[in-house]
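This briefing goes through one protein chain, topic by topic. Keep the sequence and the 3D view open while reading.

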Amino acid sequence: MIEVTNLTKRYGPHLAIDGLNFTVAKGEVVGFLGPNGAGKTTTMKIITGYMAPSDGSVKVAGFDVFENPVEVKQRIGYLPEVPPVYTDMYVNEYLTFVAKLKGVPSEKIASMVDSSLQKTNLQEVHKRLIKNLSKGFRQRVGIAQALVSDPEILILDEPTVGLDPKQVAEIRHLIQELRKSHTIILSTHILPEVQASCERIIIINRGRIVAEDSLEGLSRKMSRGQRIFLKIRRNSKELVDSIASLDGVRKVESVDGNGVLHVDTDETEDLLERLSDHVVKKGVGLLEMRSSTFNLEDIFLKLTGSESHIAKH
Ligand SMILES: Nc1ncnc2c1ncn2[C@@H]1O[C@H](COP(=O)(O)OP(=O)(O)O)[C@@H](O)[C@H]1O
Ligand SMILES: [Mg+2]
């Protein structure tokens, strides 16, 4: 349904996205996950035909975004990061305006506006001025305008940013409804967002795809390993190196100056025992030891290495 090939965008000398390749099949709900500045919005703008790439191509339902922009725009509903909502318009007036812009035949406009109001649960406010609506309702107006031409594909760029938890839950519920009848790409820097709404995840960092898998697959991959937390009274580089050389240990990290170590391991049954024996024999004062399996958040942090940019809701 969507085919992205070698997509590249430079802003002046700055390489925002760097040779992206991915496809989205009909009916899929794909999460495009990455920290701020990763290149998500840039990619969404190019796929929807609002910006030209520096290199590469995008095909939607077989049509090239730049050779057949009308064919493509008919098939896509786009919720931009900052929705182009004209705040001095009434909700129904605005949706009618967008429907006309999108080339909905005039005899169909009223019913399409109605159905987009219905899908987004906006009937009760359709005669209100957009500027008098809460942020959650405005976001729904943004989604309603994406739906008003009844497109097969929805591209939603950070649909819940800036909303309160109740509004976030409402928008997620709405996405659950929409996924039944649409192909969806949802971009977000918030991990729980993809966990809530997507079946496949593409993780992007600094303009490159760093992982691509089903939600299940990514979680499974990671749960094969373990992280063991150690707290040592007398930590030293020598101790860290000796742990690193044990069979089944992938990586040892000294987390702070207080002797807390993270030991990432392969799936090895007796490692916990060998590790505790090893540390006890060294006589360094083992204060604490516990293990945990990786979760999706660990994967994301690992792949993007940018803890500070990640929001945890
Ligand atoms: N119009 C622009 N001019 C110059 N640089 C830009 C512009 N838009 C985005 N960038 C840069 O491109 C990179 C990717 O931005 P963006 O696609 O907005 O990322 P995301 O949506 O993942 O936060 C960032 O480094 C950003 O600063
Ligand atoms: Mg963005």
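The secondary structure of this chain consists of 11 helices and 14 strands. The model is a predicted one. The chain has 313 residues, of which 35% count as buried.

**Overall layout**

- Along the principal axes, the C-alpha atoms fill a box of roughly 80 × 40 × 35 Å.
- The chain is divided into domain 1, residues 2-219, and domain 2, residues 226-293.
- Taken over C-alpha atoms, the centres of domain 1 and domain 2 are separated by 45 Å.

- Four strands form an open sheet in the order E2-E1-E4-E5, and their pairing is antiparallel.
- Its edge strands are E2 and E5 (63-64), each of which pairs on one side only.
- Strand E1, residues 2-11, pairs with E2 in the antiparallel sense over seven bridges.
- Tyr11 stands opposite His14, a residue of E2.

**Around ligand 1**

- Tyr11 and His14 also belong to the surroundings of ligand 1.
- Helix H1 gives the most to the shell, with three residues.
- By class, the shell has three nonpolar, seven polar and one charged residues.

**Strands E6 and E7**

- Strand E6 covers residues 76-79, and its pairing with strand E7, residues 153-157, is parallel over four bridges.
- In a regular strand, side chains alternate between the two faces of the sheet.
- Ile76 and Tyr78 point one way from E6, while Gly77 and Leu79 point the other way.
- All four of these E6 residues are buried.
- The bridge partner of Tyr78 in E7 is Ile155.
- Not counting residues up to four places away in sequence, Ile155 touches Met44, Ile47, Thr48, Ile76, Tyr78 and Ile185.

**Nonpolar cores**

- Nonpolar side chains tend to be buried together in soluble globular proteins.
- The largest nonpolar core has 61 residues, and Val148 and Ile155 touch the most other members.
- Helix H5, residues 135-147, gives the most to this core, with six residues.
- A second, separate core has 11 residues, including Ile228, Leu230, Ile232 and Leu271.

**Leu122, a residue in a loop**

- Where is Leu122 found? Leu122 lies in the loop between helix H4 (106-119) and helix H5.
- Is Leu122 buried or exposed? Leu122 counts as buried because 20 other C-beta atoms lie within 10 Å, and the cut-off for a buried residue is 20 or more.
- Leaving aside neighbours within four places in sequence, Leu122 is in contact with Val91, Leu117, Arg140, Val141 and Ala144.
- Leu122 and Phe137 are 15 residues apart along the chain, and their C-alpha atoms are separated by 7.7 Å.

Notes. Residues numbered from 1 in each chain as written. Chains lettered and ligands numbered in written order. Predicted model: local features only at pLDDT ≥ 70, side-chain atom pairs only at ≥ 80, totals over all residues. Helix = DSSP H or I, 4+ residues; strand = E, 2+ residues; numbered from the N terminus. Buried ≥ 20, exposed ≤ 12 C-beta atoms within 10 Å, placed from the backbone. Near = placed C-beta within 6 Å. Nonpolar A, V, L, I, M, F, W, Y, C, P; charged D, E, K, R; others polar. Core = buried A, V, L, I, M, F, W, Y, C linked by C-beta atoms within 7 Å. Contact = placed C-beta atoms within 7 Å. Domains from an automatic or database assignment. Pairing = 2+ DSSP bridges.
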